[in-house]
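Welcome, and please open the model in your viewer. We will go from one selection to the next, with a short note on what is there at each stop.

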Amino acid sequence: MVDYQGIACPVCGKEFGPQDDVVVCPDCGAPYHRDCYQQVGHCVYQDKHGPDFVWERPHVHAQHTDDGQNGEKTKLCPRCSARNYPDALFCDKCGQPFAPGGQQGYPFPGAQRGSQQGGFPGGFPGGVPFVFDPMGGVAPGESLNGVPAGDVAKLVKQNTTYYLPIFKRIQDTGASKFNFCAFLFSGGWLLYRKQYKKGILFILLTALLLVGALCVQVFWVDELMRQMAAQAGISTIASTTDMMKVYEQFYTLNAGQKLLFFLPTILHLLQWVVMFIVGFNGNRMYMKHCTSTVARIRNEANGDAEYAERLQEAGGVNMPLAICLLVCYMMLQYIPMFL
């Protein structure tokens with residue numbers, strides 16, 4: 001929740017107190033006493049409203065500086081001046097969101113004192129639109145499996161507007177959403193999202209099925225096809241008629257040979273089963289991973305500084321590993337073309 005204490009209301013000139021009911025302009029983020037805003041009926045800065053104007057805490061400007069730890073650039077919050085990591089979605093101290101590209105963001109839904117429901121004057125009764133909210137409409141203080149949603153967002157980092165609402169939906173209704181990235185890449189997606197144990201398990205399972213189907217095809221099924229062609233008196237399959245004659249010999253095979261003939265297809269179908277399992281359950285697995293990781297780090301960290309640093313290290317995605325796995329997978333897929 002954003003703290004406006006010590007800042008003067010633009011209408012009455014009185015500083016906001018800890019119990020004041022504060023609302024903010026949905027266009028520029030300027031804070032007001034609710035009664036003052038209702039009295040005026042509009043933002044006093046409305047003549048300045050535009051894409052380049054956002055209200056700032058007096059004497060504080062959003063900027064980057066090079067005097068952070070180890071010379072790393074740190075992002076200064078425009079509201080409370082707290083230092084944040086360069087890729088932070090919002091301020092660790094006050095919750096101020098940072099828009100893409102380092103521009104100032106807008107206050108989170110419910111970012112006012114003395115109210116639980118949010119409510120921005122002049123529109124957006126449930127908060128700012130999602131396009132301005134890196135939390136996807138989920139309040140930073142809301143609990144997800146016992147940990148704050150804001151901390152979960154710090155761990156997710158990339159695509160929080162997709163994952164946070166889904167996590168809330170899973171918690172509230174038990175219903176998830178099919179994850180197409182998890183479906184297409186399965187174990188690779190799990191590793192990309194730093195779910196290493198599950199990722200390794202699914203990668204090994206998928207690789208075993210893929211390599212197994214390839215080996216059975218190359219070392220057994222192709223030989224069966226040559227035997228069937230020889231029995232049909234065909235040396236080279238040059239037409240559909242030749243192919244039909246070869247397949248007529250299938251009925252001469254014994255039960256073991258018939259099973260072996262269909263084994264590559266069965267293994268490929270099992271690959272699809274694994275992909276659908278990860279696609280349907282990927283968001284649930286990722287939510288469990290994120291909330292349990294946040295809870296573990298919170299219990300192990302000594303102080304807020306270490307907690308924030310460890311969240312930064314554990315969060316985000318592992319892009320180099322994902323690219324490496326994708327290259328290996330494509331190589332395995334196209335190996336049969338060169339055999």
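**First stop: a cavity**

Select Leu155, Val156, Arg193, Lys194, Tyr286, His289, Cys290, Ala314, Gly315 and Gly316, which line the second largest cavity. Here, on a 1 Å grid over the protein atoms alone, a cavity is a set of points where a 1.4 Å probe fits but cannot get out, a pocket is an open set with protein on both sides within 12 Å along at least five of seven lines, and lining residues have an atom within 4 Å of a point.

Before going on, a note on the source: this is a predicted model, in which local features need pLDDT of at least 70 and side-chain atom pairs count only at pLDDT 80 or more, while totals for chains, interfaces and linings use all residues. Residues are numbered from 1 along each chain as its sequence is written, and side-chain values use heavy atoms, with hydrogens and water left out.

The space in this second largest cavity is about 40 Å³, a volume being the space filled by probe spheres set on grid points joined across faces, edges and corners. The count of cavities of 30 Å³ or more is 2. Now colour helix H2 (149–156) and helix H8 (255–300), each of which supplies at least two residues of the lining; H8 gives the most, with 3 residues. Helices (H or I, at least four residues) and strands (E, at least two) are DSSP runs, numbered from the N terminus. Colouring the lining of the second largest cavity by class gives 5 nonpolar, 3 polar and 2 charged residues. For these classes, Ala, Val, Leu, Ile, Met, Phe, Trp, Tyr, Cys and Pro count as nonpolar, Asp, Glu, Lys and Arg as charged, and the others, Gly among them, as polar.

**Second stop: a pocket**

Next, select Phe185, Gly188, Trp189, Leu325 and Leu326, which lie nearest the centre of the second largest pocket among its 26 lining residues. This pocket holds about 550 Å³ of space. Which helix gives the most to its lining? That is H10, with 8 residues. Helices H3 (160–173), H4 (180–185), H5 (187–192), H6 (196–231) and H10 (319–334) each supply at least two lining residues. By class, the lining of the second largest pocket has 19 nonpolar, 6 polar and 1 charged.

Thr160 counts as buried because its relative accessible area is 4%, where buried means under 20%, exposed over 50% and partly exposed in between (1.4 Å probe, protein chains only). Leaving out residues up to four places away in sequence, Thr160 touches Leu89, Pro134, Ala153 and Pro165; a contact means heavy atoms within 4.5 Å.

Show the cysteine sulfurs: the whole structure has 0 disulfides, a disulfide being a pair of cysteine sulfur atoms within 2.5 Å. Cys36 is in no disulfide, and the nearest cysteine sulfur, that of Cys12, is 3.8 Å away. Is Cys36 buried or exposed? Cys36 is buried, with a relative accessible area of 10%, whereas Cys181 is partly exposed at 43%.

Finally, go to Gly50, in the loop between helix H1 (34–40) and strand E3 (63–65). Gly50 is partly exposed, at 33% relative accessibility. Draw a distance from its C-alpha to that of Cys28, 22 residues apart along the chain, and you get 8.4 Å.

**Zooming out**

The protein has 10 helices and 7 strands, and buried residues make up 42% of its 339 residues.
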